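Thanks for asking me to look over this model with you.

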Amino acid sequence: MLGISGGAGILANMTASTVAQYLAALPPGRRAALSAVRKAINENLPDGYEEGIQFGMIGWYVPLSVYPAGYGENRKVPLPLVALASQKSGMVLHFLSFYGHPTLSTWFVSEYKKSGKKLDMGKGCVRFKSLEDLALDVVGRTVARVSVEEHIANYRAARALMGKGRNVGEGAAGLSKSSTKKGPVLERKFSNE
């Protein structure tokens with residue numbers, strides 16, 4: 001969990017409401033590393049996503065104006081694609097997109113191995129201690145592979161398989177206004193894996 005770290009000074013302030021505030025709360029080395037990762041994501045991000053603070057991290061997500069059903073059927077939480085954070089033990093990228101898209105995860109692992117960098121990964125969590133430890137080009141190419149439409153469809157299919165939310169065939173891209181179901185969500189996937 002992110003918070004203010006007393007002596008370590010490596011965690012961003014969880015109360016940051018903007019990306020600029022988040023980055024400003026970091027020491028220079030972490031700020032530079034996260035800024036470089038952020039730049040690579042923003043340069044490769046398909047149209048339609050937004051960047052902001054989500055779950056106390058820098059996040060990229062499908063805006064509620066595009067997918068009003070929200071994350072976990074919560075109409076106040078945009079559907080996340082990827083998140084970036086500074087933690088006590090290092091830095092981390094959380095790829096929510098891997099959970100509904102196993103072929104993307106497999107491709108990512110394969111491409112990462114080709115980079116020659118050591119991969120420290122949970123199910124969708126990529127941990128790194130320094131920017132030099134991260135295959136930044138693979139991160140950029142991974143983000144570029146997931147359009148908003150594909151991400152919504154994969155997310156809805158994954159929820160349907162878990163028995164949560166609407167069936168895959170209902171509504172146009174999950175835009176039905178009739179659903180208010182708030183089943184368990186995948187937020188636990190954003191913990192340290």
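1. Reading from the N terminus, the elements follow the order α-α-β-β-β-β-α-β-β-α-α. That amounts to five helices and six strands, where helices (H or I, at least four residues) and strands (E, at least two) are DSSP runs numbered from the N terminus. The model is a predicted one: local features need pLDDT of at least 70, side-chain atom pairs count only at pLDDT 80 or more, and totals for chains, interfaces and linings use all residues. Residues are numbered from 1 along each chain as its sequence is written, and side-chain values use heavy atoms, with hydrogens and water left out.

2. Of its 193 residues, 47% are buried; buried means under 20% relative accessible area, exposed over 50%, and partly exposed in between (1.4 Å probe, protein chains only). The accessible surface is about 9100 Å², and carbon and sulfur atoms contribute 55% of that surface; these areas come from the Shrake-Rupley method with a 1.4 Å probe, and for residues only the protein chains shown count as cover. Among contacts with a separation of 6 or more, 58% join residues 24 or more positions apart, a contact being heavy atoms within 4.5 Å.

3. Now to the sheet. Its six strands are arranged in the order S1-S2-S3-S4-S6-S5, as an open sheet with antiparallel pairing. S1 and S5 (120–121) each have a single partner strand and stand at the edges, so one side of each lacks a neighbour in the sheet. Two strands are taken to pair if DSSP finds at least two bridges between them. S5 and S6 (residues 125–128) are joined by two bridges in the antiparallel sense, and Met121 has Val126 of S6 as its bridge partner. As background, strands of a sheet pair through backbone hydrogen bonds, either parallel or antiparallel.

4. Please look at two backbone angles in the loops. Phe55 is not a glycine, yet its phi is positive, at about 55°. Phe55 sits in the loop that links S1 (50–54) to S2 (57–62), and its 29% relative accessibility makes Phe55 partly exposed. Glu73 is likewise not a glycine and has a positive phi of about 65°. Glu73 belongs to the loop between S2 and S3 (79–87), but this residue is buried, at 4% relative accessibility.

5. The loop between S2 and S3 also holds Gly70. Is Gly70 buried or exposed? Gly70 is buried, with a relative accessible area of 0%. Setting aside neighbours within four places in sequence, Gly70 is in contact with Leu64, Val77 and Tyr155.

6. Helix H4 (residues 136–144) has Val138, Val139, Gly140, Thr142 and Val143 buried. These buried residues pack against H2 (28–44), S3, S4 (90–95) and H3 (102–115). Gly140 in particular has 1% relative accessibility and so counts as buried. Not counting residues up to four places away in sequence, Gly140 touches Ala40 and Asn44. Gly140 and Asn44 are 96 residues apart in sequence, while their C-alpha atoms are 5.5 Å apart in space.

7. Helix H5 contains 14 residues and spans 20 Å from its first C-alpha to its last, close to the 20 Å expected at 1.5 Å a residue; the expected span is 1.5 Å times one less than the number of residues. Its buried residues are Val148, His151, Ile152, Asn154, Tyr155, Arg156, Ala158 and Arg159, and their cover includes S2 and S3. Just after H5, Gly163 has a positive phi of about 80°.

8. I would finish with His151, which is found in H5 (residues 148–161). What does the side chain of His151 reach? The side chain comes to 2.8 Å from the backbone oxygen of Pro80. His151 is buried, at 4% relative accessible area. Beyond its neighbours within four places in sequence, His151 is in contact with Tyr49, Val62, Leu79, Pro80, Leu81, Leu96, Ser97 and Val146.

Technical notes
Polar contact = N/O pair within 3.5 Å; in protein donor to acceptor, adjacent residues only side chain to side chain.
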